[in-house]
Amino acid sequence: MRGGLERWKRGVESRGVRHAIAYALEGVCDAHVVHSLGAEALESYSGARDSSTTRFVVEQGTLQSDELSASALRVWLSGRDPVTGEERGKTLIRPEADLLLDGTLNHPKSYSIAALLHTELADEFEALQDRIRDRVIALWQRELNARRGHGGSIRESIVRLEVVELQHRRSRALDPHLHRHLWLNVKVRGEDGKWSNIDSRVAMKFHTVVNAEGELAARTDPRWIAALARHGYTIGDDGEITELASAVAPFSRRSAQIEANRVQLIAEWTRAHAGATPSVEVLQQIDRRAWAVSRPNKPALLDEHAWEAAVRDELATIDPQLASERAPSPIRQLPRDGLDLDLLGRAAVVDADDRSRASSGRFSLFDLRAGALRALAGAGIVADRETLDDLLEDITARAGRHIIRLTTEPDPPGHVKSLMATETMRLKMRLVGRFDAIAVAGQSLLPGQLRRSAASVEGVDRLDATQSAAACAIAGTHGLVAVVGPAGAGKTTMLRAAHEALGRQGRRMLVVAPTRKAASVAARETGAEGSSLHALLHDYGYRWSRDPAGAQLWRRLAPGDIDASTGRSYGGPKRFALHPWDRIVVDEAGMVDLQTADALAEVALETGAGVAMVGDTHQALPVGHAGAMASAMRHASASIEMTSVHRFRDPEYAALTLQLRDPRDRDHALRVAAELAARGHVRRVESIEHARTAMVTGYLDAITHGRRVALVCGSNCEADAINTQIQQLRVEAGELDPVHLAWGRNEQRLLVGDTVQTRRNDPRTGVENRAQWIIDRINSDTIDLVAPTDSGERRRITRDYALDHVLLAYASTVHGIQGETADEAIVGPDVDAAGLYVGLTRGRHHNEAIAIGRTDAAAREHLAATMLRGSTEVTINDSVRAAEGELRRAARSQASQSAAPIASGASAPWISS
């Protein structure tokens, strides 16, 4: 979140205390790697070996600060008292032990530009960050906890908590970027006087509140808003200073050029010094040279005043008016009595609900509180914190009218996801009703009828029993068919046979999918007409937007209504006029969200067309709320599970993937992990860094031998890191030319020969969302793309499209790789169960999972835990049980443990009061 703790990650020690700071600086602070101790880490930012850093200590609500030298910081990080060296509780000896939790106070870039242009604003911005920091530290002490007792079941309040702050003026690219890092030491002292570790699970979930606190302060703080107004500045809806926003994009694009310069200079230095790693001093010199390249009359090494002057010159080049004095502007604020608190309450619920998709619509009190903070931040009010606190209490209370409690627990811990939006629950129940209504019992074709009707389809005689049953059901008369197909089950041949059989009956088969890419592939492979699911619904009059509270609003035009998007009268469906007994086949149905499925079910009810949901709940989930496919499986009048896997040459591995897809319990998952390891499908590493190296080298080795490989990561951030490493190694090997380049999304460098992915449908150029390409040529205004597996399939896109919608794609998340097939696949250690299963079924010849562990047994434990992570809660009762499970695992105060036991086996939710 902008204006708050934007990044919040664990500082993990993988090779001793000496690498803890390096990890935080590289992985969290986006700074260069520092293979050293505290002194060198601090020097990398300050340039002085005698640098110190500020430690903040909050004890019983009182905040004090002192200075730690670099050596004292090293002691502090190791979990000891930095003054006496005394151990604080148990020594952190495990390699995976958390040493610190790191958060970044990171605001819109225009704030830093304003601070550079005006001394007064620089002072006020620092003061604003001071106030945010003090509030965050106080919140940590008040809201977080340690754990005591057997299994950590007892919650212990924190009396003393310590945080180190690092302040920085510039980004790594030496652009203005005032930001701070707050390092929260995991060692805290409880009310019982004992030192122990913080409950990191609660801390990680509380970060959403801290993010929102920063955003609220940046947009409502009276001192900061008044200072901006004195210089004629206002804050827009996007959080940027409106009058300086024009400078943000040019600076960001130039930052990418600086980074490209920096990478090239490091490579040149390394080659000139026999592969040695540059020191901190050398890196600082390289940073300044990279910044100065292509800037005439700028010195190679800049002091503070020269740097500021150079940046002001850059701003003048971007827009000469930026540095001009502006007349003061009025402070635009909404009076308190002008706030629609009911609307803000609904917006708080919408915010929490939007962020609850990974937990099937469940969210916590922390999530709701963060939603209230963000809703108030955007409301336009400027007021002191006491006034805001009163408003936040009122907004949260009003939000309670739009939520459902999933447990009878009167006061659940704030991090437990025990709430659900009323609208989400209604949507789930409405979809169930519509699925029941269209699930009219019918008849499937007989296998002999299918073979005769689809005799012209190649491979129809080789369909296995479950493939045949699926095709017969789709070509039959059942109203709702659910076909669950594991990866590699031969879905394409089955659908081709069903299409042919339907055509012989004079019935139409329309294949739709959540993405245009998937629909195009399915249509091409089956011979049926294809479309994205949203295009079908749009043809039937559905339109979607956001209501004033931010909720996704679906409405439907009736024939004769004016379509606001075109200004013309809507005349009813034109492209996809469906008739009774037609069959809508939803491919990749596991990725269809509840709201889209609900609209599709309504279309089916009106037209009399049957629906076949073909997908897998164990693969990639939708962007919206999941559960549509699983609900179809429960209510379908014909439900078939395809059990054979045809993709792999090794039949034993094919059988093993079915167990990997759905392990019964932990013991079963461990047996599957052991079998995968025994068959050579697991590579053990000891850290995230080693995992990245394994994936990068695995990729380069495969393409060197002419094999296509899929790399699967758990997050876009991790995929970006691996993509950047692979690209640079290809540059150093002479495979890519770094001189002639274009820019992609997130300031990524794009070179001829790079593997990329387009991330938005563009009918004008024919590219589709998530389609993969190789960059064939970079022209002055356009970029030529070629398909990786078909040199005859070519597209031309504009550089402007690339800047917003093209990403490197050597590695991808599960959503980016779903539906792809390669020769090999390598799966990173940060995926969930769906990512692991999808990843390990992409390669025809070999698939490998990277698992972190000091021993082979630990690696297998890691893999087994991954198999069990991320299940979908289909019914409301599933969500109730999941909430109760979280309550049982949460640390509780002794008083709450004895006050009321957790209800078990509840069958219905309870409306909150």
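Me: What does contact mean here, and which residues does leucine 144 touch, leaving out those up to four places away in sequence?
Reply: Contact means heavy atoms within 4.5 Å. This is a predicted model, where local features need pLDDT of at least 70, side-chain atom pairs count only at pLDDT 80 or more, and totals for chains, interfaces and linings use all residues. Residues are numbered from 1 along each chain as its sequence is written, and side-chain values use heavy atoms, with hydrogens and water left out. Leucine 144 touches Leu139, Arg155, Ile158, Leu184, Ile198, Val202, Ala203 and Phe206.

Me: Which side chain forms a salt bridge with arginine 135?
Reply: A salt bridge is a side-chain nitrogen of Lys or Arg within 4 Å of a carboxyl oxygen of Asp or Glu. For arginine 135 the N to O distance is 3.0 Å, and the partner is glutamate 213.

Me: How many residues apart are arginine 135 and glutamate 213?
Reply: Helices are DSSP runs of H or I with at least four residues, and strands are runs of E with at least two, numbered from the N terminus. Arginine 135 is in helix 5 and glutamate 213 in helix 6, so the pair links distant parts of the chain, 78 residues apart.

Me: Is glutamate 213 buried or exposed?
Reply: Buried means under 20% relative accessible area, exposed over 50%, and partly exposed in between (1.4 Å probe, protein chains only). Arginine 135 is partly exposed at 27%. Glutamate 213 has a relative accessible area of 4%, so this residue is buried.

Me: Which residue forms a salt bridge with arginine 683?
Reply: The closest N and O atoms are 3.2 Å apart. The partner of arginine 683 is glutamate 848.
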